[in-house]
Amino acid sequence: MDAMVFTGGPIWTGDGSRPQALATAGDRIIAVGDLADVRAAVPGAHELVDLAGRLLIPGLHDAHVHPVQGALERLRCDLSHLHDRAGYLDAVAAYAASHPGRAWITGGGWSMSAFPGGLPVREDLDAVVGDRPVFLPNRDHHSAWVNSAALRAAGIDASTPDPRNGRIERSADGSPSGVLHEAAMDLVTPLLPPDTAADYDHALMEAQRYLFSLGVTGWQDAIVGSYAGSRDQFGTYVSAAESGRLRARVAGALWWDRDRGLDQLEDFRARRRLEGRFVTRTVKIMQDGVAENFTAAMLEPYVGKDFCGTSNVHPDLLSSYVDALDAAGFAVHFHAIGDRAVRECLDAVAASGNTQRHHIAHLHVVDPADVPRFAALDVTANIQSLWATHHEQNDTLCVPFFGPQRVAHQYPFGAIARAGGRLAAGSDWPVTTPDPWPAMHVAVHRTEPPGSAESAWPMARTPMLPEQALTLEQALRAYTAGSAYVSHLDARIGTLEPGKAADLVVLDRDPFAPGTTLHDTRADLVFVDGSPVHER
């Protein structure tokens with residue numbers, strides 16, 4: 001049995017203790033405490049791992065991520081590393097030129113802040129790719145940029161009505177301008193070349209490698225099912241888990257089809273997996289859209305508008321669905337951006353048996369009256385802290401339409417924690433980077449990480465609602481124990497204690513040391529079940 005003893009640096013266990021050493025044997029942690037006692041607990045010979053002042057932490061767990069889609073975009077026309085219109089068009093032109101055999105140009109990752117009003121136009125894409133259809137979701141995957149060929153292929157013109165829960169952006173004459181929001185994307189997605197099982201398997205393995213390199217040893221895939229042109233990846237995960245190629249610990253949130261009702265409950269039961277590398281004990285309900293395109297569900301109308309966004313599921317139906325899912329043993333992973341959507345989700349949990357580990361992701365705007373309800377209902381706040389800054393997209397496309405009162409209600413992570421609420425943390429990659437440490441920086445400082453693409457924005461160094469900041473201890477606990485809890489994996493991971501899995505990360509520094517930067521922290525060594533999966 002291979003054994004290791006880690007010492008020579010700080011050890012963050014997640015339970016408040018600061019031991020001198022930690023020992024593993026095989027795939028488990030067997031001892032934590034004073035060096036002499038830990039070494040005495042190791043059966044026979046062992047490898048001594050010198051931390052050299054670096055911090056040892058549990059493997060990080062991303063509680064809201066789309067890794068297969070993230071990796072597919074990295075492997076296709078990837079716009080996520082670019083930040084302006086010219087860069088996007090150059091990249092699309094270059095990709096199309098180097099892939100002449102592709103019937104469609106796909107990929108994505110553009111930012112709404114790069115375009116006036118957040119809206120690119122089809123004419124720009126036509127100028128660089130006129131011979132083939134182009135379909136490029138933006139970073140949040142709630143809108144897609146298409147060219148004229150894609151619109152023609154889908155038969156979308158001035159006479160095409162907006163679908164339920166979707167909107168076609170239009171020019172002054174009523175013709176489609178080149179952006180499809182929410183369910184309007186589904187007018188095109190059935191025409192996309194289908195991804196193959198091999199495509200998805202390759203993407204999952206690439207995502208696992210990339211996430212391991214960041215110290216992320218497990219995650220909750222926030223949509224397992226067919227959505228916005230992405231094929232169902234359930235079989236991909238099952239195959240990788242059963243073959244042993246999936247080494248990360250993954251919880252899948254099974255996608256709730258908003259066009260169906262409780263008849264899909266039997267489908268979820270058939271897909272339930274309680275053990276192994278891939279577990280499925282959660283259902284994902286997307287209750288609203290996003291504020292940038294006015295589909296986030298708000299309690300009051302957007303400033304200058306006569307509407308309040310969209311509730312994808314009627315609140316009465318939502319309550320009945322959540323009650324049935326809870327009774328069937330499924331936790332619900334809600335997407336809620338607007339304050340009305342957050343309240344509808346909390347109300348649905350309150351009306352249910354509430355026996356499961358329900359959690360609400362994103363929480364862009366939360367009415368103060370609902371903040372203490374997270375603790376009262378034992379609903380976890382699943383935070384994407386990287387978004388909680390003054391950056392161009394939020395300051396120009398969201399803040400002006402919230403008004404001064406709602407602006408003060410954005411991302412109230414500190415208030416939820418002070419009220420006793422539990423936090424989990426995730427990235428929502430490919431919406432934003434899966435690197436946890438820029439997100440840790442924002443959670444603690446509420447400012448843009450130095451050197452980020454958004455750091456040049458004039459307000460980037462001004463903290464957004466600094467009273468909502470978390471301590472590093474709170475942020476790290478959200479990325480470990482909190483996220484493990486909502487994924488039903490807390491019996492195995494999330495803290496460093498004897499009996500738990502030896503999923504460990506040695507950072508390149510001690511981020512708790514005074515003056516240490518957080519955003520550029522790196523993982524030097526990463527272990528899953530005591531075996532190395534990454535070394536920098």
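Q: Which residue stands opposite Asp221 in β13?
A: Val65 stands opposite Asp221 in β13. Strands here are DSSP E runs of at least two residues, helices H or I runs of at least four, numbered from the N terminus. This is a predicted model: local features need pLDDT of at least 70, side-chain atom pairs count only at pLDDT 80 or more, and totals for chains, interfaces and linings use all residues. Residues are numbered from 1 along each chain as its sequence is written, and side-chain values use heavy atoms, leaving out hydrogens and water.

Q: How many bridges join β6 to β13?
A: Two strands pair if DSSP finds at least two bridges between them. Strand β6 (residues 60-65) and β13 are joined by 4 bridges and run parallel.

Q: Which residue of β14 does Gln220 stand opposite?
A: Gln220 faces Ala251 in β14. From β13 the chain crosses through helix α7 (residues 234-243) to β14, a right-handed β-α-β crossover. Right-handed means that, with the strands pointing away from the viewer, the path from the first strand over the helix to the second runs clockwise.

Q: Is β13 mostly covered or uncovered?
A: Buried means under 20% relative accessible area, exposed over 50%, partly exposed in between (1.4 Å probe, protein chains only). Strand β13 (residues 216-224) is mostly covered, with 9 of its 9 residues buried.

Q: What covers the buried residues of α6?
A: Contact means heavy atoms within 4.5 Å. The cover includes α2 (67-75), β13, α7, β21 (523-528) and β22 (531-535). Among the buried residues of α6 are Tyr200, Leu204 and Phe212.
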